[in-house]
Amino acid sequence: MKLKLPNPGLDDRIPSHKDLERMEKEEAGDRPKWDNKAQYLLTCVGFCVGLGNVWRFPYLCQSHGGGAFMIPFLILLVLEGIPLLHLEFAIGQRLRKGSTGVWRSINPYLTGVGIASLLVSFLVGVYYNTIMAWIMWYLFNSFQDPLPWSQCPLNANRTGLVEECSRSSTVDYFWYRETLNTSTAIDESGGLQWWMVLALVAAWSLLYVCCIRGIETSGKAVYITSTLPYLVLTIFLIRGLTLKGSFEGIKFLFTPDVNELMNPSTWLDAGAQVFYSFSLAFGGLISFSSYNSVHNNCEQDAVLISIINGCTSVYSATVIYSIIGFRATQKFDDCMGDNILKLMNAFNVPENSITDSNYNEVLTHFNQSNSDIIQGLQLQTCDMQTFLSQGVEGTGLAFIVFTEAIIKMPVSPLWAVLFFVMLFCLGLSTMFGNVEGVVVPLQDLRLLPRTWPKEVFCGLTCLISFALGLIFALRSGNYWLALFDNFAGSIPLLIIGFCEMFSVVYIYGIDR
């Protein structure tokens, strides 16, 4: 016997298929709809495929046994991702409402699930667009030759380099000092950084222009924001494969460590990555599917978008690790070159007599005869696997590791512009879904007058988000962003996802 909780009045709240067809004709002029199926699919792909596919998935692969991580990821993509994605598409299309309206129709007591989705979309949007502002800042600075993060600035007396930069690295200094100007702790706010405030204004203004009339405007933008990243990734892959050491990086990424499959954290991370990479429980997908025809095949859409999402994750990981392989090779060559130079100077051996191929033999010979001199040289340990395994995720990958690799490429400003344009497009198309996940439920809740146009709802959302986002433009902003990232969009999404599944199966009725 199937468990089904009592839900009086459900049939009165859920329209029949005949009612839906009538509503669709009546709302034809008032409610927006997609221009074509491609526009809808591109919008959903743009929302699902975001920055996490580029800078989190490759790190998880590398830290959980390379190619072995693909196995739990693909299994859970089928068992977890497709069913939940299909659920959100189906419920939005069937009830033709945003996240709050959908759950209130199923049962008035479930309105809180929709409000929770609204709040998570709002909070995640506030900090996500700050990352967009950082990307814009780097993009503005990419139109220079040499790139500003390729060299240390001069000190105040112009007699040498800034000491802090000399002690760390040029990319670290540009990120932590010239971009964030970060303080030493979260309680040292340090005041607003004017360049970050301007970048935030630019990011929110551009987003407002794209979302001003909902899918009528953002639906046009996705033709660029959802397709351009694939073009740029392909350009980077072609360029990456021509660089020395790229195949070392790709081989390192896909070499499977089967023992990792016995590790529970591998499966947990794979499940979490599938959940977040599909942008489930934000409410944006429910809103997008509510603009579809009632006869649209949403099951087919869910399978297609899942396949695209999974393939994009693997494809972007390949591109990222081709560049990381090049960076690791450069570091290995620099390390070996430095050690060889020290040995040649210490023992007065002829130039080119010590090479990478005979380095270990020469070092062993000198170590046996002059071990005290070798110890005094303080030679570095040069291990290719160590350089490759220095895994970084999130902002560290985008703003430190990748920028460091870019400055070693010929015509580096061109690659910097391409990289940050790609990240910007990925982030912008994800923000379309976040804004939609706030604006449509707000309209469904009727807290504000229904006569207000969508432009006002969208403007208020962007304005309030910008005001709250100023906390990330403080010197302590990086710490606040890490807090939001760890707590606003993690456990709450899992709880909302569970509530959605439970509500549809046991309150709405799985047979429906």
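1. Ser-279 sits in the loop that runs between α15 (264-277) and α16. The model is a predicted one. The phi angle of Ser-279 is near 55°, a positive value in a residue that is not glycine. With a relative accessible area of 5%, Ser-279 is buried.

2. Ala-281 belongs to the loop between α15 and α16 as well. Its phi is also positive, at about 75°, although Ala-281 is not a glycine. The relative accessibility of Ala-281 is 0%, so this residue counts as buried.

3. Helix α16 covers residues 284-289 and contains Ser-287. Is Ser-287 buried or exposed? Ser-287 counts as buried, because its relative accessibility is 0%. Setting aside residues up to four places away in sequence, Ser-287 touches Gly-98, Ser-99, Glu-436 and Val-440. Ser-287 and Val-439 are separated by 152 residues in sequence, while their C-alpha atoms are 9.5 Å apart in space.

4. Helix α7 spans residues 99-106 and includes Arg-104; Ser-105 is placed in helix α7 too. Arg-104 is partly exposed, with a relative accessible area of 31%, whereas Ser-105, at 6% relative accessibility, counts as buried.

5. Which residues does Ser-105 touch, not counting those up to four places away in sequence? They are Leu-10, Arg-13, Ile-14, Leu-95 and Lys-97. For one of these, Ile-14, the sequence separation from Ser-105 is 91 residues and the C-alpha to C-alpha distance is 6.5 Å.

6. A patch of positive charge on the surface brings together Lys-97, Arg-104, Arg-446 and Arg-450. Patch members must have over 30% relative accessible area. Arg-104 has a value of 31%. Lys-97, another member of the patch, is among the residues that Ser-105 touches.

7. A nonpolar patch also lies on the surface, formed by Leu-3, Leu-5, Phe-498, Met-501 and Phe-502. Together these residues have about 450 Å² of accessible area. Leu-3 is located in the segment before α1 (10-13), and it counts as exposed because its relative accessibility is 53%.

8. The peptide bond joining Asp-145 and Pro-146 is cis, with omega about 5°. Pro-146 is found in the loop between α8 (111-141) and α9 (163-167).

Definitions and conventions. Residues numbered from 1 in each chain as written. Predicted model: local features only at pLDDT ≥ 70, side-chain atom pairs only at ≥ 80, totals over all residues. Heavy atoms only, no water. Patch = residues over 30% accessible without salt bridge, like charges linked within 9 Å, V, L, I, M, F, W, Y side chains within 5 Å. Areas by Shrake-Rupley, 256 points an atom, 1.4 Å probe, with all protein chains shown as cover. Salt bridge = Lys/Arg side-chain N within 4 Å of Asp/Glu carboxyl O. Lys, Arg positive; Asp, Glu negative; His and termini not counted. Charge placed at Lys NZ, Arg CZ, Asp CG, Glu CD. Helix = DSSP H or I, 4+ residues; strand = E, 2+ residues; numbered from the N terminus. Buried < 20%, exposed > 50% of the residue type's maximum accessible area, 1.4 Å probe, protein only. Contact = heavy atoms within 4.5 Å.
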